[in-house]
Amino acid sequence: MSSTHVSAEFRRLVRDRAYGCCEYCGISEKAAFAMHEVDHVVAEKHGGQTVASNLALCCTLCNRRKGSDLSSIDPETGEIANLFHPRKDIWSDHFRLEGALIRPLTPIGRATVHLLRLNAEARLTERAALRPGTG
Ligand SMILES: [Zn+2]
C-alpha cells in the first residue's frame, strides 16, 4: 500500500514497464474491475522509497492482500519465505500458469500465492474468462 503521492510520471513508467498487467497475478488493467495501483514492493514503513526500483504495478486485489508485508509462511514447509519481488525476482522462476491456475514452483511462489490468494475461486473465474483471445 502506498501512502506517499506517486507522481504521474512514475505511474506512467510503472504502468508501461508492466505492459498494464499486475506484476503479481498478471491480470491486465483492462480486464480488472478497478484501475491498477502503484505498489511499493518494500513498503515505506520498512524504509522502501518511491523510486522506480521499488515500484510495481499491482491490481487492487493483490495490493489489498499484500499490504506492507515482505514475507509470509510457505504453506508446504511452515517456514518463513519472502514474497515475490517483481523488481528482483523473475515471475517464471517462481510461478507457472496452468490454464487459469497460477502454480507456485518455489517457497517464494507458495508464500505469495497463499498470502495474495492468487488462486481464490473468484480470481480463477476472472482469469479463465480472459483466456480466449489473450496472449
Ligand atoms: Zn494482481
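Reader: Is Asp39 buried or exposed, and what is its relative accessibility?

Author: Asp39 counts as buried, because its relative accessibility is 0%; buried stands for a relative accessible area under 20%, exposed for over 50%, and partly exposed for values in between, computed with a 1.4 Å probe on protein chains only. Before going further, please keep in mind that this is a predicted model, in which local features need pLDDT of at least 70 and side-chain atom pairs count only at pLDDT 80 or more, while totals for chains, interfaces and linings use all residues. Residues are numbered from 1 along each chain as its sequence is written, and side-chain values use heavy atoms, with hydrogens and water left out.

Asp39 sits in strand β1, where helices (H or I, at least four residues) and strands (E, at least two) are DSSP runs numbered from the N terminus. Its side chain makes a polar contact of 2.8 Å with the side chain of Tyr24, and the Asp39 side chain has a polar contact of 3.2 Å with that of Lys66. A polar contact here is a pair of N or O atoms within 3.5 Å; within protein, one must be able to donate a hydrogen and the other to accept it, and residues adjacent in sequence count only if both atoms are side-chain atoms.

Turning to the metal site, the zinc ion is coordinated at 2.3 to 2.4 Å by the SG atoms of Cys22, Cys25, Cys59 and Cys62, donors being N, O and S atoms within 2.8 Å of the metal (3.2 Å for Na, K and Ca), with water not among the atoms, so sites may look incomplete. The arrangement is tetrahedral because the four donor atoms subtend angles of 102 to 117° around the zinc ion, and four donors count as tetrahedral if all angles lie between 85 and 135 degrees. Along the sequence, the donor residues follow the spacing C-x2-C-x33-C-x2-C. Distant parts of the chain are linked in this way, since Cys22 lies in the loop between α1 (8-17) and β1 (37-40), whereas Cys59, 37 residues apart from it, lies in the loop between β2 (55-58) and α2 (60-66). Cys22 counts as buried at 4% relative accessibility, and Cys59 counts as buried at 4% relative accessibility too.

The loop between α1 and β1 also holds Tyr19, which has a positive phi of about 50° although it is not a glycine. Tyr19 is exposed, with a relative accessible area of 73%.

Key: Four donors count as tetrahedral if all angles lie between 85 and 135 degrees; four count as square planar and six as octahedral if opposite donors are over 155 degrees apart and all others between 65 and 115; anything else is irregular.
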